[in-house]
Amino acid sequence: MRRQVLRSAALIMLASPMLLLLWMIADGLRLHPDSYAGLPRAQALCPWPWHRSWFHVIDAPGFVLGYSERWALPLWAAYRLDERVQAPAAKRPGHFAVDRRTLRRIDAEAYRGSGYDRGHLAPNYAMSRFHGREAQVASFRMSNIVPQKATMNQKLWQRLEEIETDVYANLEGPLWVVQGPVFDDARQRARLGSGVAIPSGFFRIWLREWRGGIQALAFIVPQEVAGTEALDQFLVSIDDIEARTGLDFFHHLPESQEHALESALQADAWAFFRHARRPPRY
């Protein structure tokens with residue numbers, strides 16, 4: 001009897017990684033209302049070790065994210081900005097909450113004294129103004145939070161968020177956004193004392209359907225910035241982001257269309273030069 005129990009336990013241990021892999025593959029293949037052309041997924045032949053790009057999907061009001069238990073933070077968050085909420089702006093929530101759907105159960109104290117801000121991926125303001133109070137509160141769960149240097153979070157990243165909500169989200173049709181951390185090999189083991197991984201930078205992708213086509217604008221911003229730099233110096237292709245993160249975006253598009261979208265730099269189509277030198281608010 002004991003031998004049978006041990007054999008069954010061994011089979012479960014062998015099967016578990018395969019079941020986990022199948023579950024993650026299924027998540028990557030499904031469509032989702034907050035993510036354009038499929039949820040981001042780990043590349044089939046990802047050059048990084050499995051723990052760099054594997055995650056489980058967490059749904060929240062107004063956004064969806066891929067959470068890495070290995071790194072104790074989200075590897076991406078996706079949302080769309082369409083119609084604004086017809087109500088006064090809600091007060092900013094007063095605290096960050098543990099997300100009980102994660103195994104690590106990171107709390108706000110994990111960042112205290114670390115030298116890093118608790119940076120949102122799905123932004124507080126955008127969730128409040130486009131998806132309402134429930135989405136705003138959800139953005140303060142620690143599953144949506146990443147370590148960001150103050151000048152990056154409060155200045156340069158804030159400038160991108162402001163342009164996103166005040167300029168491009170006001171045009172015809174929804175603006176789709178996906179963003180997340182970037183890890184360089186030299187720093188991939190750097191962590192806060194709580195075990196949260198410290199990214200070397202962050203990516204952001206904007207996408208819109210515009211005049212019969214699809215346009216995207218993508219950025220990689222390092223942690224070490226003054227915050228006042230011209231934003232167009234951080235423009236990259238989506239292919240660059242995929243190479244740095246091991247993630248695959250917009251994979252439900254036809255292959256030729258996906259390739260054209262992800263290899264291009266389309267700053268002129270967005271008239272981004274008009275906004276690239278907007279000063280920080282803070």
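Me: Which strand and helices each supply at least two residues of the lining of the largest pocket?
Reply: This is a predicted model. Its largest pocket has a volume of about 490 Å³. The elements that each give at least two lining residues are strand E5 (117–120), helix H3 (124–131) and helix H5 (150–166).

Me: How many residues of that lining come from H5?
Reply: The lining of the largest pocket has 20 residues. H5 provides the largest share of them, and that share is eight residues.

Me: Which residues lie nearest the centre of the largest pocket?
Reply: By class, the lining has five nonpolar, eight polar and seven charged residues. Nearest the centre lie Arg92, Asn124, Gln158, Glu161 and Tyr282.

Me: Is Val177 buried or exposed?
Reply: Val177 belongs to strand E7. Eight of the eight residues in E7 are buried. The cut-off for buried is under 20% relative accessible area. Val177 has 3% relative accessibility, so it counts as buried.

Me: How many bridges pair E7 with strand E8?
Reply: E7 spans residues 175–182, and E8 spans 201–210. Across this pairing, Val177 stands opposite Trp206. The two strands run antiparallel, and the bridges number seven.

Me: Which residue stands opposite Trp176 in E7?
Reply: E7 also pairs with strand E4 (residues 73–81). Five bridges join these antiparallel strands. The residue opposite Trp176 is Arg80.

Me: What separates the C-alpha atoms of Val177 and Arg208?
Reply: Beyond its neighbours within four places in sequence, Val177 has contacts including Arg204, Ile205 and Trp206. Arg208 is 31 residues from Val177 along the chain. Their C-alpha atoms are separated by 9.1 Å.

Conventions: Residues numbered from 1 in each chain as written. Predicted model: local features only at pLDDT ≥ 70, side-chain atom pairs only at ≥ 80, totals over all residues. Heavy atoms only, no water. Buried < 20%, exposed > 50% of the residue type's maximum accessible area, 1.4 Å probe, protein only. Helix = DSSP H or I, 4+ residues; strand = E, 2+ residues; numbered from the N terminus. Pairing = 2+ DSSP bridges. Contact = heavy atoms within 4.5 Å. 1 Å grid on protein atoms, 1.4 Å probe; cavity = no way out; pocket = protein on both sides within 12 Å on 5 of 7 lines; lining within 4 Å. Points joined across faces, edges and corners; volume = space filled by probe spheres on them. Nonpolar A, V, L, I, M, F, W, Y, C, P; charged D, E, K, R; others polar.
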